[in-house]
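Visitor: I have a structure here that I have never looked at before. Can you walk me through some of it?
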Amino acid sequence: MAKGDDAVRKKLNKANRKKLRKDDRSSSSVTARVASIIAAKKRRQTGKRRKCQGMCFSLPTLEDPFNDRNGRKDFEKVTKKVMLPHKDESEFLREKCKEIIRKNEKAKNPGLKNMKVTSLKNEQKKSLPFTSIDSAVQRSRIASVRTKTQLSGKQEEACENSDCPSKYLIRCLNEIENSLRCDGTYSNEEDKPLFVSTWGVEFWKCYSAGKDILETSGTSSTIEQIAWIVSSAADTISRKDEEGPPATSPFLLFLVASQEKAAMVRSVCKPLKVLGIHTVSIHPGASLDHQIQGLKSSEPEFMISTPERLLELLSLKAIDLSGVSWLIVDGLESFHKHGYLDKVNSIRNYISRTTRAVVFDDCYRRACVPVVQTLLTGSVHRLSLNDSVTSQSACIIQSVNMSSLKEKLSKAVQILGQPFAQASKVLYVVGKDSQNHKLVAALKLKGHSISFVSACSEVGNSMELKGKMKPAVSMIDADQIHTSELGEYECVVIYDCTLSIESYVRILTNMARYTVNGVLHTFFTTEDAKLAGPLIKILEQCGQSVPEALRKMSLSSATL
């Protein structure tokens, strides 16, 4: 069928319009990308969309302002982080601990500086220059050499055997810190983690030496101190589990004076449960039958208890403490207020004599000294960050002997006849007096060997005379007190009290560093009346008994 004129004209007009649009597009300055954006905008305005776009569309973003990707994200390549050698978590923590140990040693021994400077300089010259990766390792090696030269005695052997706390111990500290921070229980003003605690590092060094510890800072245990104690115990338990089967009795016994303190210690130990360390708390706040059933159904590694309730369980034979490896006695002052000192001594009889102990001695009364001597029977390490006289002289008995010049010689010799002095290392402090030769002659007559030492670094041994052991006696001039080492002497006798009160404090705070049986005897005559007042203040400050004759002498000298 032939088409009409109208149809032919319509077809031609359509072709002309296409040709005109093609000419306009070619002459236009708009690029194809902009034209596609304009077309997409027109489609959105008219409500018409492409099938591939579906029923929704993405909004423009800063990364794709023209919405070219339609919400699709660009493919991002995953970049692997290159771990530098010797910079993992454990190495970082070890370097931190070594740094704290170096700072503490420098603070304790300011006089012992650069004992091997020459060898260290030669080592630095031979080694390659420090790089960003190897600098920490090189510094730690040199610091370890410097630390070994500054340490002495048994503590040196302990530090050589173990450089710093283990990774497991630090993990325990982190678990405790994270848990306590979430609960709001622990907050540190300096915002330092637990593993960089100065007290903790010092405690770990004493604990690694394998000796008993006497903490004399003057307070009961804090959260930070408890965390280090239980973490060290957990580390020891983990090592013993690798060597053999676990023990059935508790490893750690933590004695506290109140239920509130038991709850505090329990909150610190609770985060260690995820590491397999179970803790039980025994106090009068719960029924006795309930606690007995709980002990039968579980084998805890840590036990926190008050002395009263623990003695009840021991009398019923509901618990066995013969396998306890570590005893912690927290705050003797609280035990003294509650009248628990005798009960603490009774509990010590149920524990093996080889059990290590840590005593927080915040009681400077003379009545607490026998309790500490019962708990700590062997060699001890004194731990304190407090430099006060009362803290440094804890458990040292100060005895002032009021006598005349004629009586002084005989009393000074009689001191060596006491049972305690016969088993101790004795030091006589004498002045520049021509009468001192009488003391030397009297001691030799009794069969004692005399050693005149200038540095007091060597202590004589006992000598045998007529089948009896006679303790060797060391003598030192009063002028050499400030340059001498007195830590080995358990019994010090100040024969001539002509020295200053500063020298007396020096002797008191530096003697008997490895025992709790120290005794300081001072012979006081009427010629020493000017020192009566300052001496009374020190005796009262340390909780020692003051002779009435010394008080009268102080009053008489003040009126003159």
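This is a predicted model: local features need pLDDT of at least 70, side-chain atom pairs count only at pLDDT 80 or more; totals for chains, interfaces and linings use all residues.

Visitor: Fine. How many salt bridges does the structure hold?
Guide: There are 8 salt bridges in the structure.

Visitor: Pick one. What does R181 meet in a salt bridge?
Guide: The partner of R181 is E177, with 3.0 Å from N to O between the side chains. Both residues belong to helix α7, which covers residues 167-183, and they are 4 residues apart, so about one helical turn separates them.

Visitor: Which residue forms a salt bridge with K205?
Guide: That is E202, and the closest N and O atoms are 3.9 Å apart. E202 and K205 sit 3 residues apart in helix α8 (residues 198-208), again about one helical turn.

Visitor: One more pair, then. What about D235?
Guide: The side chain of D235 meets that of R239 in a salt bridge, at 3.2 Å from N to O. The two are 4 residues apart in helix α9 (residues 223-243), about one turn of the helix. D235 counts as buried at 6% relative accessibility, while R239 counts as partly exposed at 46%.

Visitor: Let's change topic. Which residues are buried in helix α10?
Guide: In α10, which spans residues 259-269, the buried residues include K261, A262, V265, V268 and C269.

Visitor: Where do they sit around the axis?
Guide: They cover an arc of only 120 degrees around the axis, so they are on the same side of α10.

Visitor: Now a pair of helices. At what angle do α20 and α21 pack?
Guide: Helix α20 (residues 501-510) and helix α21 (residues 532-541) pack at about 25 degrees, and their axes are 10 Å apart. The two are therefore roughly parallel to each other, since angles under 35 degrees count as roughly parallel. Their crossing is right-handed.

Visitor: Which residues meet there?
Guide: From α20 there are I501, Y504, V505 and L508, and these meet P534, L535, I538 and L539 in α21.

Visitor: Some single residues now. Where is Q291?
Guide: Q291 is in helix α11, residues 288-297. Q291 is buried, with a relative accessible area of 7%.

Visitor: What does Q291 touch?
Guide: Leaving aside residues up to four places away in sequence, Q291 touches S281, I282, H283, A286 and R309.

Visitor: And P250, where does that lie?
Guide: P250 lies in the loop between α9 and β2, the latter being residues 252-255. P250 is buried, with 6% relative accessible area.

Visitor: What touches P250?
Guide: Not counting residues up to four places away in sequence, P250 touches P300, E301, M303, D320, G323, V324 and S325.

Visitor: How far apart are P250 and W326?
Guide: In sequence they are 76 residues apart, and in space 9.1 Å from C-alpha to C-alpha.

Technical notes: Residues are numbered from 1 along each chain as its sequence is written. Side-chain values use heavy atoms; hydrogens and water are left out. Buried means under 20% relative accessible area, exposed over 50%, partly exposed in between (1.4 Å probe, protein chains only). The arc is that of the directions from the helix axis to the C-beta atoms. A salt bridge is a side-chain nitrogen of Lys or Arg within 4 Å of a carboxyl oxygen of Asp or Glu. Contact means heavy atoms within 4.5 Å. Axes are lines fitted to C-alpha atoms, for helices over the stretch in contact, and angles run from 0 to 180 degrees between N-to-C directions. Angles under 35 degrees count as roughly parallel, over 145 as roughly antiparallel, 65 to 115 as roughly perpendicular and the rest as oblique. A crossing is left-handed if the near helix is turned anticlockwise from the far one by less than a right angle, and right-handed if clockwise.
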